[in-house]
Amino acid sequence: MTLFGVMAVASLSAQVTYYLIHTKHWPTVRASALPTLIFVVILQHSGINWDGALQAAFFGATFVGMTDRSRLGWRRVLIASLIFSLVFTFLIPYAKGIGGGLGAAAFASCSVVYFLTNAVKKMVKFARP
């Protein structure tokens with residue numbers, strides 16, 4: 001249940017941030033901070049018990065949404081946010097006490113999607129006669 005919630009929140013967060021930056025032309029920090037603030041206020045009033053994990057997942061996934069359009073489109077941002085939620089759920093607990101875990105998880109998830117996409121493109125290009 002936690003993984004599903006983190007995946008849903010991370011997907012929503014990354015897409016909203018990406019939309020605000022690339023469609024509404026908001027500055028990146030504002031596009032990350034305002035949705036996070038709204039989400040935290042809504043979560044505080046909803047009474048959901050595991051709000052700490054969801055707040056961190058939402059905020060961390062905004063880093064995925066800050067990706068430049070030339071690197072990742074909205075579909076790849078969606079995939080990167082799902083990878084981020086897996087990294088957040090299974091690897092971040094082992095990095096307690098080390099700062100920058102959310103940013104590192106976002107960087108790793110975006111990097112995986114970017115490099116896999118480029119590798120597949122090169123393979124397809126190489127396979128064509």
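Is tyrosine 19 buried, partly exposed or exposed, and what is its relative accessible area? Tyrosine 19 is partly exposed, at 40% (buried is under 20% relative accessible area, exposed over 50%, partly exposed in between, with a 1.4 Å probe and protein chains only). Welcome to a predicted model, where local features need pLDDT of at least 70, side-chain atom pairs count only at pLDDT 80 or more, and totals for chains, interfaces and linings use all residues. Residues are numbered from 1 along each chain as its sequence is written, and side-chain values use heavy atoms, leaving out hydrogens and water.

**View A. Tyrosine 19 in helix 1.** Tyrosine 19 sits in helix 1 (helices are DSSP runs of H or I, at least four residues, numbered from the N terminus).

View B. Histidine 25 is exposed, with a relative accessible area of 64%. Its phi is near 60°, a positive value in a residue other than glycine. Most residues other than glycine have a negative phi.

**View C. The nonpolar core.** The largest nonpolar core has 22 residues (buried Ala, Val, Leu, Ile, Met, Phe, Trp, Tyr and Cys joined through side-chain atoms within 4.5 Å). Among those with the most contacts inside this core are Phe39, Leu54 and Val77. Valine 77 touches Ala14, Gln15, Tyr18, Val64, Gly65 and Leu72, leaving aside neighbours within four places in sequence (contact means heavy atoms within 4.5 Å).

Terms used: Helices (H or I, at least four residues) and strands (E, at least two) are DSSP runs, numbered from the N terminus.
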